[in-house]
Structure formats: structure tokens, C-alpha cells
Amino acid sequence: MSIFLCSISNVSSGNCPEDCAYCTQSVHHKTKVETYKFKPLETIIKEAKYLKTFGMLGFCLVTSGRSLDDAKLDYIARVSYALKKEDLDLHLIACCGSASLESLKYLKDHGVDSYNHNLETAQSFFPRICSTHTWEERYQTCEDSLRAGLGLCCGGIYGLGESFSQRIEFLKALRELSPHTISLNFYMPNPALPIATKVMSRQEALECVVLTHEFLPNSRLMISGGRESVFGEDQEELFRYGVNAIVLGNYLTTKGQTPARDIDMLKAYGLDIAASCHAM
């Protein structure tokens with residue numbers, strides 16, 4: 001089995017006015033994460049070239065905040081265009097919050113291949129974890145990403161306090177969208193965040209992986225945040241139960257394993273690294 005490698009570049013960090021209970025970048029939670037407006041283009045290109053040496057194919061440009069405003073739109077379009085000119089054979093992904101159909105089309109015209117916007121959880125549970133925007137707004141952006149001709153990466157976070165029936169509700173909504181890639185996250189507790197749940201057990205997390213794969217067997221299943229905290233050094237079962245993509249390197253505000261260590265791990269499990277973006 002070939003594993004698709006995707007990496008995140010946190011190009012605009014912190015100072016988010018939204019009150020998402022799971023997010024360390026919200027100004028409501030005082031997590032003291034690093035904050036900056038826009039990362040320099042030269043730094044982003046350097047990151048992409050470095051991660052490409054390990055076999056990264058998907059490169060996701062992430063901005064904090066609720067939505068893709070004009071300033072972010074211009075910035076992400078310029079960064080995407082510059083990255084494409086480097087001819088690195090990357091599948092470029094933008095993750096910039098809620099966005100209009102027109103803005104999404106503009107990104108596509110400037111080199112963005114896919115849009116990442118997570119539903120996060122079930123519609124019925126969402127008001128428990130966020131009051132400053134709606135689940136419906138998220139779903140609309142996902143639909144508009146597809147209408148704009150972009151690929152869709154969409155998923156959520158398990159372990160926020162949702163019930164099993166709400167997990168099923170979430171997966172049914174995700175199945176309606178049929179994203180090419182599902183971003184599967186496990187909640188990582190932080191003392192500054194209002195969600196008091198503990199790190200999910202390994203067994204429960206594997207059950208979530210199996211359930212997700214059963215509902216969307218044709219989507220790429222990418223394990224993202226929480227991989228290391230839940231599974232530690234032994235992650236082989238993830239790939240036996242349907243995971244065929246990982247986030248290589250760091251997350252938004254949390255350190256991941258080093259790229260070299262992830263590659264060594266995959267090779268030890270007898271897994272190949274996907275070699276072409278055409279697999280998207």
C-alpha cells in the first residue's frame with residue numbers, strides 16, 4: 001500500500017476571534033501560541049522544498065480566522081502561484097475558513113488544487129463547541145469548493161464529547177459531500193481549552209478509523225492531529241484499518257514527529273510512499 005504524504009504550513013497564526021472550543025489559535029483561550037499575520041513567501045517555499053525531499057505531495061496553506069477575506073485571498077493566490085512556478089509537483093491545498101464561491105474560483109485560477117474545510121463534528125453537536133459561526137456555514141463552503149471545481153478535503157475531530165450517534169450523523173453528512181480526502185483528527189487536550197475530555201483510548205480511536213472507512217471507503221483517509229498522542233510509537237494498526245495518508249511533520253501549533261522519523265516508521269511497516277500527485 002502507498003501512503004500519501006501531506007504537510008501543513010501555518011501561514012497565518014493565532015489571533016482568531018472565533019470561539020471554537022478545540023482550537024489553540026482562538027483569542028478566547030489564552031494558549032500563548034505564536035502569532036503572526038502572513039508568513040514570508042521565501043520561508044514557505046523553503047519549507048515546501050525541504051518537505052518535498054521526503055516525498056511530500058500535498059502542501060496545505062492554512063490561515064487562522066473565520067473566513068477568506070480579500071487580504072488573505074490575495075496572499076494565498078500569490079503564494080500558490082509562486083509555488084507552482086517552482087515546479088515541485090505539489091498538490092496545493094488552501095485552508096482559510098469560510099469562503100465565497102467567487103473566492104474559491106479565484107484560488108483555483110491561481111494554482112490551488114483543493115480546499116480543506118472541516119465540518120469538525122455533527123450538526124447537532126456543533127453549537128456545543130462553537131457559538132461564533134454555524135455548522136451550516138461550514139457545509140456551504142464545502143459545497144461551494146466542489147462547485148468551484150476544486151478538490152475537497154474535509155473531516156473533523158473525534159473525542160470532543162460527542163456521542164456515538166453524533167459520530168454517525170457527522171459521517172453521514174461527510175458522505176453527502178464525498179471529499180477526495182478525509183482529515184481525521186483526535187482531540188488533543190490542552191489546559192487552556194474548555195473541553196475537559198481526556199486523550200482518546202487507542203481502541204476507541206481505532207474504532208473511529210474503522211467507522212470512517214466504512215462510511216467513505218473511496219475517500220483517502222488521512223490521519224492528522226492526535227496521531228502521536230493517541231498511538232505513540234506503535235502506529236501500524238492505523239494502516240491496517242484504512243489509513244492511507246498522513247500529515248508529515250508539524251501541525252498548526254503542535255509539533256509532530258520529524259519527517260525522517262515518519263518515513264523510517266512507514267518503511268519499517270513495509271509501506272510505500274506515494275510518488276505522484278495524480279493519485280489525488
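Residues 24 or more positions apart make up 73% of the contacts in the chain with a separation of 6 or more; a contact here means heavy atoms within 4.5 Å. The model is predicted, so local features need pLDDT of at least 70 and side-chain atom pairs count only at pLDDT 80 or more, while totals for chains, interfaces and linings use all residues. Residues are numbered from 1 along each chain as its sequence is written, and side-chain values use heavy atoms, with hydrogens and water left out.

The chain holds nine helices and ten strands. Helices (H or I, at least four residues) and strands (E, at least two) are DSSP runs, numbered from the N terminus. The C-alpha trace spans about 45 × 45 × 35 Å along its principal axes. For 280 residues, a compact globule would have a radius of gyration near 19 Å; the chain has 17 Å, which agrees. That radius is taken over C-alpha atoms, and the globule rule is 2.2 Å times the number of residues to the power 0.38. Of the 280 residues, 56% count as buried (under 20% relative accessible area, with exposed over 50% and partly exposed in between; 1.4 Å probe, protein chains only).

Helix H6 covers residues 202-215. At 1.5 Å a residue, its 14 residues should span 20 Å, and its end C-alpha atoms are 20 Å apart, which agrees. The expected span is 1.5 Å times one less than the number of residues. Buried residues of H6 are Ala 205, Leu 206, Cys 208, Val 209, Leu 211, Thr 212 and Phe 215. An α-helix has 3.6 residues a turn, so residues three or four places apart point the same way. The buried residues of H6 pack against strands S6 (156-158), S7 (181-186) and S8 (220-223), and against helices H5 (164-177), H7 (227-231) and H8 (236-240).

A cavity is a set of points, on a 1 Å grid over the protein atoms alone, where a 1.4 Å probe fits but cannot get out; lining residues have an atom within 4 Å of a point. Grid points are joined across faces, edges and corners, and a volume is the space filled by probe spheres set on the points. One cavity of 30 Å³ or more is counted. S6, H5 and S7 each give two or more residues to its lining.

Gly 249 lies in the loop between strand S9 (245-247) and helix H9 (259-268). Gly 249 is buried, with a relative accessible area of 5%.

Notes. 1 Å grid on protein atoms, 1.4 Å probe; cavity = no way out; pocket = protein on both sides within 12 Å on 5 of 7 lines; lining within 4 Å.
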